[in-house]
Amino acid sequence: MKFGQVEDPSKIDFTLPKDHPRTKEILSQNKKGLENISIGCAKWNKTDLKGFYPKGTKDELTYYGTQFNSIELNATFYGMPTPEQVQTWKEKTPENFKFFPKITNTVSHFRRLLNIDDVVTQFATAVLNFDEKLGMVFLQLHDNFKPKDYERLEKFVKNWPKEVPLAIELRNTEWFTDEDILNTTCELFEAHNITNIIVDTAGRRDMLHMRLTTPNVFIRYVGANAESDYERLDDWLKHLKQWKKEGLQNLYFFVHQNIEKASPLLSAYFIKKMNDEWKTDLLIPKMATENTGTLF
């Protein structure tokens, strides 16, 4: 994932901004405590994750499911999944595995939230076949989808099938730079239990808004293939620890890299640090070589 890629990451200030005042209030609404932590990559393709799979791996998803507890499922963005395909993916993964499918680009990029009832119904019907393995669906809007089309977004949110948990990623800077627009949009999300995705990538610091709309935190972390990637993960761990104290309910953290083969490496680092500091027992991905050791 090269979104937000910059030529020289050393020139970027990666400091995490302060929370929006509403974020603490949102977190405090959760009285159930921390329920789930899902950490994974965005793909299971062997070509992209070169060096992660042992030689002779016949089914990449099956192996991936032995190393991670979740996947950000971008395959569904490029093609409408069928119920049969969803069932196949489901059966290849362990009992506690979660899928986070991206809504097909027909909805977000081609029809741009217009005349989409048929596609949304088809998509929702398919992904519900994940059953207990469905983590959260997410909509990624085009970079040029702006607040002038707020009414389309509002209609989409209000019509979204409530039985399917949803997160939304806004990419145009106008959603974040105008405080009134940000507040109006986030209040819409709050009213309909929509999670506001946080994107942490070098070239788009505006998308690092720290404005939660549910006690669920959905972070798409994009490394820069630089040493600073590890420091950034350390900073996130500190910040998430504070959110945990304030009422974090579910954490969904997906690691991307400009060169994706480094994604399992960063994920393993993050998971190990979390296990050490949070006393969790998340599986740490193993090296491909003889399937022993860790990736860092």
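**A loop residue and its setting**

Guide: N115 lies in the loop between α5 (105–110) and α6 (117–127), where helices (H or I, at least four residues) and strands (E, at least two) are DSSP runs numbered from the N terminus. This is a predicted model, in which local features need pLDDT of at least 70 and side-chain atom pairs count only at pLDDT 80 or more, while totals for chains, interfaces and linings use all residues. Residues are numbered from 1 along each chain as its sequence is written, and side-chain values use heavy atoms, with hydrogens and water left out.

The backbone of N115 has a phi near 50 degrees, which is a positive value in a residue other than glycine. Most residues other than glycine have a negative phi. N115 is also exposed, having a relative accessible area of 68%; by the cut-offs used here, buried means under 20% relative accessible area, exposed over 50%, and partly exposed in between, with a 1.4 Å probe and protein chains only.

At 54% relative accessibility, N193 counts as exposed.

E190 is partly exposed, with a relative accessible area of 21%, and R22 counts as partly exposed at 23%.

R22 meets E25 in a salt bridge as well, at 2.5 Å from N to O; both of these residues lie in helix α1 (residues 21–28), three residues apart, or about one turn of the helix. E25, at 42% relative accessibility, is partly exposed. Side chains of opposite charge can pair when their charged atoms come close.

Elsewhere, the side chains of D206 and R204 form a salt bridge at 2.8 Å, N to O, in which D206 counts as partly exposed at 24% relative accessibility and R204 as buried at 15%. Salt bridges that share partners also join E72, D143, E169, R171 and R220 into one network. Over the whole structure, the search finds 22 salt bridges.

Around these parts, the chain has eleven helices and nine strands, and its C-alpha atoms fill a box of roughly 55 × 45 × 40 Å along the principal axes. A compact globule of 296 residues would have a radius of gyration near 19 Å, and the 18 Å of this chain agrees with that; the radius is taken over C-alpha atoms, and the globule rule is 2.2 Å times the number of residues to the power 0.38. Buried residues make up 55% of the 296 residues. Of the contacts (heavy atoms within 4.5 Å) between residues at least 6 apart in sequence, 76% join residues at least 24 apart.

Key:
A salt bridge is a side-chain nitrogen of Lys or Arg within 4 Å of a carboxyl oxygen of Asp or Glu.
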